[in-house]
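I opened a new model today and kept notes as I went. The structure comes first, then my entries.

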Amino acid sequence: MSKVILKTVPVRRGHKLRITWPMTPGIHHYMEGPMVIELTDAGHANAEHIIGLLFKYITLLQQSGVCKWIFDELYPSKDWLVGSFLLSTFSPEVIQSALNELTPNNVRIFWESTNFDGHTEMTEPWYGTAFSVEKTTGSTIQEWMKRAPEEDLHLPCPNVFIPTDLSIKNVKEKVNIPFLLRKSQ
């Protein structure tokens, strides 16, 4: 199992701790798995806004089309040692098909929090865990998307720090002091 940390969903109000997407090989030649959003207490109070922002970003990804450079950054080069289940061939049709499956109408949300203590209606029989089940429709999530804060959602810029040449360099001159490799603006 690999873990992809989605740092591009901008929740700047101290609501999220981390968003991860543990992925396993899927039956349709792409990765699948649950997306996990760890929230602070402030985030728990605004979870509907965060889910709305998440689906706004998914919509942006669906409409932007598949970018090869993002695939190249997410999946290792041929020189890296990796597990056999990572995608190795860029297939925009398969990636777009997977993106198109991420809709408010086919999502299942598991919202876990100690803030629900005393506010649940059922108990799991084996471990005695209290829980509730509510139907959340696609139209409800669409409403959350409308009410979500306006953020400047955009695709990330290419990462200039990902190496493209992994060959061993022959250093002729030994330098004993640090020197500036690149000056940013």
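**Entry 1: two helices.** At what angle do the axes of helix 2 and helix 5 cross, and within what distance do they come? I looked up helix 2 (residues 47–64) and helix 5 (residues 138–147): their axes come within 7 Å and cross at roughly 90°. Axes here are lines fitted to C-alpha atoms, for helices over the stretch in contact, and angles run from 0 to 180 degrees between N-to-C directions. Helix 2 and helix 5 are therefore roughly perpendicular. For the wording I noted the cut-offs: under 35 degrees is roughly parallel, over 145 roughly antiparallel, 65 to 115 roughly perpendicular, and the rest oblique.

Next I listed who touches whom, with contact meaning heavy atoms within 4.5 Å. Helix 2 brings Glu48, His49, Ile51, Gly52, Phe55, Lys56 and Thr59. Helix 5 brings Ile141, Trp144, Met145 and Arg147. By class I found five nonpolar, three polar and three charged residues in this contact. The classes are set as follows: Ala, Val, Leu, Ile, Met, Phe, Trp, Tyr, Cys and Pro are nonpolar, Asp, Glu, Lys and Arg are charged, and the others, Gly among them, are polar.

**Entry 2: what I am reading.** This is a predicted model, where local features need pLDDT of at least 70, side-chain atom pairs count only at pLDDT 80 or more, and totals for chains, interfaces and linings use all residues. Residues are numbered from 1 along each chain as its sequence is written, and side-chain values use heavy atoms, with hydrogens and water left out.

**Entry 3: the whole chain.** I found five helices and six strands. Helices (H or I, at least four residues) and strands (E, at least two) are DSSP runs, numbered from the N terminus. Along the sequence the pattern reads β-β-β-β-α-α-α-α-β-β-α. Of the 185 residues, 22% are buried. Buried means under 20% relative accessible area, exposed over 50%, and partly exposed in between (1.4 Å probe, protein chains only). I also checked contacts between residues at least 6 apart in sequence: 58% join residues at least 24 apart.

Entry 4: In helix 5, I found Gly138, Ile141, Trp144 and Met145 buried. They fall within an arc of 115° seen down the axis, so they line one face of helix 5. The arc is that of the directions from the helix axis to the C-beta atoms. Ser139 and Lys146 are exposed on the other side of helix 5. Helix 2 is included in what covers the buried residues of helix 5.

I then turned to helix 4 (residues 92–100), where Gln96, Ala98 and Leu99 are buried. Their arc is only 160° around the axis, which puts them on the same side of helix 4. The buried residues of helix 4 pack against helix 2.

**Entry 5: His44.** Is His44 buried or exposed? It is buried, at a relative accessible area of 15%. I placed His44 in helix 1 (residues 41–45). Its side chain makes a polar contact of 3.1 Å with that of Trp111. Such a contact is a pair of N or O atoms within 3.5 Å; within protein, one must be able to donate a hydrogen and the other to accept it, and residues adjacent in sequence count only if both atoms are side-chain atoms. Leaving aside neighbours within four places in sequence, His44 is in contact with Leu39, Trp111, Ser113, Asn115 and Phe116.

**Entry 6: Asp41.** Asp41 is in helix 1. Asp41 is exposed, at 61%.
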